[in-house]
Amino acid sequence: LFRSTFFNKMNLSDLLSANIILASKSPRRKQLLEQMGFNVKVEPIDIQETFPESVEIDDVAEYLAIKKSENYTKPIEDNTILVTSDTIVVVENTILGKPQNYEQAKEYLTLLSSKTHKVITGCCLRTKEKIKHFSQKSIVKFKALTEDEINYYIENFKPYDKAGAYGIQEWIGTIGIESIQGDYYNIVGFPCSKFFESVQEIL
């Protein structure tokens with residue numbers, strides 16, 4: 001059984017030869033994909049990140065990832081995967097997206113202080129012939145953040161491109177995170193391990 005499972009897996013060099021079209025402006029997602037060994041071309045898609053009220057909160061990120069994929073209209077070549085993704089932060093059944101300004105960033109971080117929240121990343125992979133999508137959830141607990149800490153972080157790191165107004169890999173994560181459950185890279189913004197599994201299934 002072990003030999004059969006092993007030989008059914010795709011050769012690693014063939015797997016990493018796949019070309020990735022990343023339809024995202026996130027430098028973190030590009031960096032993570034490149035760290036995994038993929039050749040990445042960035043082609044951002046601008047859409048209205050809206051969703052029907054009927055979509056469950058835990059399904060919103062996956063819904064938006066699929067929506068972005070559907071709005072990419074160029075042909076996809078052989079051995080190429082279009083990757084779209086979206087990350088949301090959910091606290092007390094409320095979605096925190098990217099803050100629009102300083103005041104909203106401060107409001108978000110104040111809300112997250114002393115609380116446990118969910119970080120959900122939805123991902124959609126599309127080739128010439130197949131499509132696969134999924135979402136990954138991680139749980140994060142912040143300590144009680146002081147007003148000085150919140151102000152310092154916003155002023156120095158300007159987290160306006162990050163869901164929930166924070167990046168776990170930045171200063172606020174270093175001093176403010178008490179615990180995490182699940183995939184750390186999912187909190188950074190891309191579920192690397194689950195994505196790597198999915199590439200093997202779709203190619």
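Colleague: Which exposed residues does the face of H5 turned away from its buried side carry?

Modeller: Please keep in mind that this is a predicted model. In helix H5, which spans residues 102-112, the buried residues are Ala 105, Tyr 108, Leu 109 and Leu 112. They cover an arc of only 95 degrees around the axis, which puts them on the same side of H5. The face turned away from that buried side carries the exposed residues Glu 103 and Glu 107.

Colleague: Against which strands and which helix do the buried residues of H5 pack?

Modeller: The residues concerned are the buried ones of H5, namely Ala 105, Tyr 108, Leu 109 and Leu 112. Their packing partners include strand E3 (80-91) and strand E4 (94-96).

Colleague: Which element gives the most residues to the lining of the largest pocket?

Modeller: The largest pocket, with a volume of about 720 Å³, is lined by 36 residues, and Arg 29, Glu 49, Asp 86, Lys 98 and Asp 161 lie nearest its centre. The elements that give two or more residues to this lining are helix H3 (27-35), helix H4 (60-70), E3, E4 and helix H8 (184-188). With five residues, the element that gives the most is E3.

Colleague: How many residues of that lining are charged?

Modeller: The lining of the largest pocket divides into nonpolar, polar and charged residues, of which 18 are nonpolar and eight are polar. The number of charged residues in the lining is ten.

Colleague: Which backbone oxygen lies 2.7 Å from a polar atom of the side chain of Thr 84?

Modeller: Thr 84 is found in strand E3 and counts as buried, at 0% relative accessibility. Leaving aside neighbours within four places in sequence, Thr 84 is in contact with several residues, among them Ala 23, Ile 45, Ala 65 and Lys 68. The backbone oxygen at 2.7 Å from the polar side-chain atom belongs to Ala 65.

Colleague: How far apart in space are Leu 22 and Pro 44, C-alpha to C-alpha?

Modeller: Leu 22 lies in strand E1 (residues 19-22) and counts as buried, at 0% relative accessibility. Beyond its neighbours within four places in sequence, Leu 22 is in contact with residues including Arg 29, Val 42, Pro 44 and Val 83. Although Leu 22 and Pro 44 are 22 residues apart in sequence, their C-alpha separation in space is 7.1 Å.

Colleague: Which backbone nitrogen does the side chain of Ser 24 reach?

Modeller: Ser 24 is found in the loop between E1 and H3 and, at 7% relative accessibility, counts as buried. Ser 24 touches Arg 29, Val 42, Glu 43 and Pro 44, not counting residues up to four places away in sequence. At 3.0 Å, its side chain reaches the backbone nitrogen of Ser 26.

How values were computed:
Residues numbered from 1 in each chain as written. Predicted model: local features only at pLDDT ≥ 70, side-chain atom pairs only at ≥ 80, totals over all residues. Heavy atoms only, no water. Buried < 20%, exposed > 50% of the residue type's maximum accessible area, 1.4 Å probe, protein only. Helix = DSSP H or I, 4+ residues; strand = E, 2+ residues; numbered from the N terminus. Arc of directions from axis to C-beta. Contact = heavy atoms within 4.5 Å. 1 Å grid on protein atoms, 1.4 Å probe; cavity = no way out; pocket = protein on both sides within 12 Å on 5 of 7 lines; lining within 4 Å. Points joined across faces, edges and corners; volume = space filled by probe spheres on them. Nonpolar A, V, L, I, M, F, W, Y, C, P; charged D, E, K, R; others polar. Polar contact = N/O pair within 3.5 Å; in protein donor to acceptor, adjacent residues only side chain to side chain.
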